[in-house]
Amino acid sequence: MDIQWYPGHMAKAKRQIRENLKLIDVVIELVDARIPISSSNPEVDDLINGKKKIVVLNKSDLADPEINKLWEKHYKKANQPYVFVDAISGKGLKELIATVKTTMKPVLDRDKAKGRLNRQIRCLILGIPNVGKSTLINSISGRASTKTGNKPGVTKANQWIKVSNEIQLLDTPGILWPKFDDETIGLKLAWIGSIKDTIYDREEAALKLLEFLRSAYPNVIYDRYKVEFDENTTALELMESIARKRNYVIRGGEIDYSRTAEMLMDEIKKTTLGKVSFEWPEVD
Ligand code: G4P
């Protein structure tokens, strides 16, 4: 997957999203549950300019359930409507529909009081590439024809998917861009497999991954690679132990760093290492 965002792309994406927002009551911002902040675009709130927003944490099946609980607390405390979803299995969709209704209830009640009955709630899904927008739309619509690729903004002629008697969803998502403000955002997007491995240094990303796992999920390393380490073991030493264990060596007994890094990045992306989350809210 190629993420190349140029100022022109971004301006066009923003323009298209603003255009579509005129038709919309509720914005469903899709993020990856393993990195809800890094997979969100910090400009989204400015962009949607006061429209109601629901944060949908997709791929929750891949995220650490304990960390999911912390995010739940965080969004509750912030009074931000949120739902955990697994767009492939459809888990969480009922909750999403219920949340759309509760979020819009005050508006619908006001409309009702003015005599405007049978008002439809119109929703738009927004998110950065690869968070699962097409999968979610397909899951909701039960169709397999909404794959849109990674074109920015909403490009096709709009069609509305009937979600329920009261709710309609725009069939084409708004595509935002990730914000590579700080180095860790790119790394986290690489770890979840959201950016192409040609645009980052795989060995460095794998070393940083080991550094992260060593402190946040030491058992994951023990369980999968059966190597010994302690707090003084560097990420490089850890990588070398893993390589030796796997016999990833080249002529002369030298470590094959490239192959080891490829294996590590592949296993974290495919979640062979288990349910891992890469960021969590600050807790008291
Ligand atoms: P996008 O429209 O936001 O760009 O994302 P899309 O739906 O294409 O989904 C990206 C990848 O994420 C797809 O995998 C899709 O199957 C997977 N996916 C979406 N939702 C979920 C979910 O809730 N749980 C899990 N486990 N996976 C999900 P893919 O086509 O195999 O792409 P990739 O593996 O090359 O990224």
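The side chains of R224 and E267 come together in a salt bridge, 2.8 Å from N to O; the term covers a side-chain nitrogen of Lys or Arg within 4 Å of a carboxyl oxygen of Asp or Glu. This pair links distant parts of the chain, with R224 in helix α8 (residues 218–225) and E267 in helix α10, 43 residues apart. Helices (H or I, at least four residues) and strands (E, at least two) are DSSP runs, numbered from the N terminus.

R224 has 34% relative accessibility and counts as partly exposed, while E267 is buried, with a relative accessible area of 9%. Here buried means under 20% relative accessible area, exposed over 50%, and partly exposed in between (1.4 Å probe, protein chains only).

## About the model

This is a predicted model, in which local features need pLDDT of at least 70 and side-chain atom pairs count only at pLDDT 80 or more, while totals for chains, interfaces and linings use all residues. Residues are numbered from 1 along each chain as its sequence is written, and side-chain values use heavy atoms, leaving out hydrogens and water.

The protein chain averages a pLDDT (the predictor's confidence in each residue, from 0 to 100) of 90, and 93% of the residues score at least 70. Do look with care at residues 144–151: the pLDDT there is below 50, and the stretch has 18 contacts in the model beyond near neighbours in sequence. A contact means heavy atoms within 4.5 Å.

K53 lies in strand β2 (residues 52–58) and E29 in strand β1 (residues 26–32), so the pair ties together parts that are 24 residues apart in sequence. K53 counts as buried at 12% relative accessibility, and E29 does at 3%.

K188 also forms a salt bridge, with E279, where the closest N and O atoms are 2.8 Å apart. Since K188 sits in helix α6 (residues 183–191) and E279 in the segment after α10 (257–269), this pair ties together parts 91 residues apart in sequence. Both K188 and E279 are buried.

## Where α7 meets α9

Helix α7 (residues 202–216) and helix α9 (residues 235–246) pack at an angle of about 100°, their axes 9 Å apart. Axes are lines fitted to C-alpha atoms, for helices over the stretch in contact, and angles run from 0 to 180 degrees between N-to-C directions.

The contact is made by E203, A206, L207, L210, E211 and R214 of α7 together with A235, L236, L238, M239 and I242 of α9.
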